[in-house]
Amino acid sequence: MAVEFLTDEQAARYGAFAGALERAELERFFFLDDADRELVDGKRREHNRLGFAIQLTSVRFLGRFMPDPRQVPDEVAEYLAEQLGVADPSCLKLYGERDGTARTHAGEIQRAGGWRDFAEVETELREWVDARAWTTGDGPKALFDAAAGWLRERRVLLQQQVGHEHASTTAIYTCVSSDYRTRIVRKALDRT
């Protein structure tokens, strides 16, 4: 089943940084509290502390770990570097120079933050989306956005790409009941 109901903008925005972040977003998602600092301070080198902080805060914002944390927007790296007392945010280019560092850090962050894999909540999500579809009458695009938010709120890691081969996106657009899908099709046909 294709993901044709998503606009190009929605597909590009899913689990990715889309455009510049506002100061309020930086403060909400990228502020390091005492517990965050304790995790970050366990890293020896500046580039590892900054890279770890980027992964720690990006997963809160995106709902997933970035394939390459060095690809974070400049304003995020600068905001975190300022909090950590890292004078040169460009040291981030050295993060992950040792193969496996970013993966090891992601695993540590997942355990410390209580992030769960999608398989643990798939049934619950299917039920939630089906109920929401019936009670709100939301269309597929709105349901997709709401479901992605539901996953982030519950600290469930999103898949890295939109596509039917990825469980979290498949469930979002296939879990509504056949009765609901029939009702939506009938509504569309009635308008033609």
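Which residues does Leu50 touch, not counting residues up to four places away in sequence? Leu50 touches Ala77, Leu80, Ala81, Leu84, Pro89, Cys91 and Leu92, where a contact means heavy atoms within 4.5 Å.

The model is predicted: local features need pLDDT of at least 70, side-chain atom pairs count only at pLDDT 80 or more, and totals for chains, interfaces and linings use all residues. Residues are numbered from 1 along each chain as its sequence is written, and side-chain values use heavy atoms, with hydrogens and water left out.

The protein has 10 helices and 0 strands; helices (H or I, at least four residues) and strands (E, at least two) are DSSP runs, numbered from the N terminus. Of its 192 residues, 44% are buried, that is, under 20% relative accessible area with a 1.4 Å probe, counting protein chains only. Among contacts between residues at least 6 apart in sequence, 75% join residues at least 24 apart.

Leu50 also belongs to the largest nonpolar core, which has 32 residues. Such a core is a set of buried Ala, Val, Leu, Ile, Met, Phe, Trp, Tyr and Cys residues joined through side-chain atoms within 4.5 Å. Together with Phe17, Phe30, Val72, Val76 and Leu80, Leu50 touches the most other members. Helix 2 (23-29), helix 4, helix 5 (74-84) and helix 6 each give two or more residues to this core, and helix 4 provides the largest share, 8 residues. Apart from this core lies another, of 12 residues, including Tyr14, Ala147, Ala148 and Val156.

Helix 6 (residues 101-113) has 13 residues and should span 18 Å at 1.5 Å a residue, which agrees with its end C-alpha atoms being 18 Å apart; the expected span is 1.5 Å times one less than the number of residues. Its buried residues are Thr101, His105, Ala106, Gly107 and Ile109, and their cover includes helix 4 (46-62). Just after helix 6, Gly114 takes a positive phi of about 70°.

The largest pocket has a volume of about 600 Å³. A pocket is an open set of points on a 1 Å grid over the protein atoms alone, where a 1.4 Å probe fits, with protein on both sides within 12 Å along at least five of seven lines; lining residues have an atom within 4 Å of a point. Of the 24 lining residues, Phe29, Arg60, Phe61, Leu62 and Arg152 are the closest to the pocket's centre. Helix 1 (8-13), helix 2, helix 4 and helix 8 (140-153) each supply at least two lining residues, and helix 8 gives the most, with 6 residues.

Definitions and conventions: Buried means under 20% relative accessible area, exposed over 50%, partly exposed in between (1.4 Å probe, protein chains only). Grid points are joined across faces, edges and corners, and a volume is the space filled by probe spheres set on the points.
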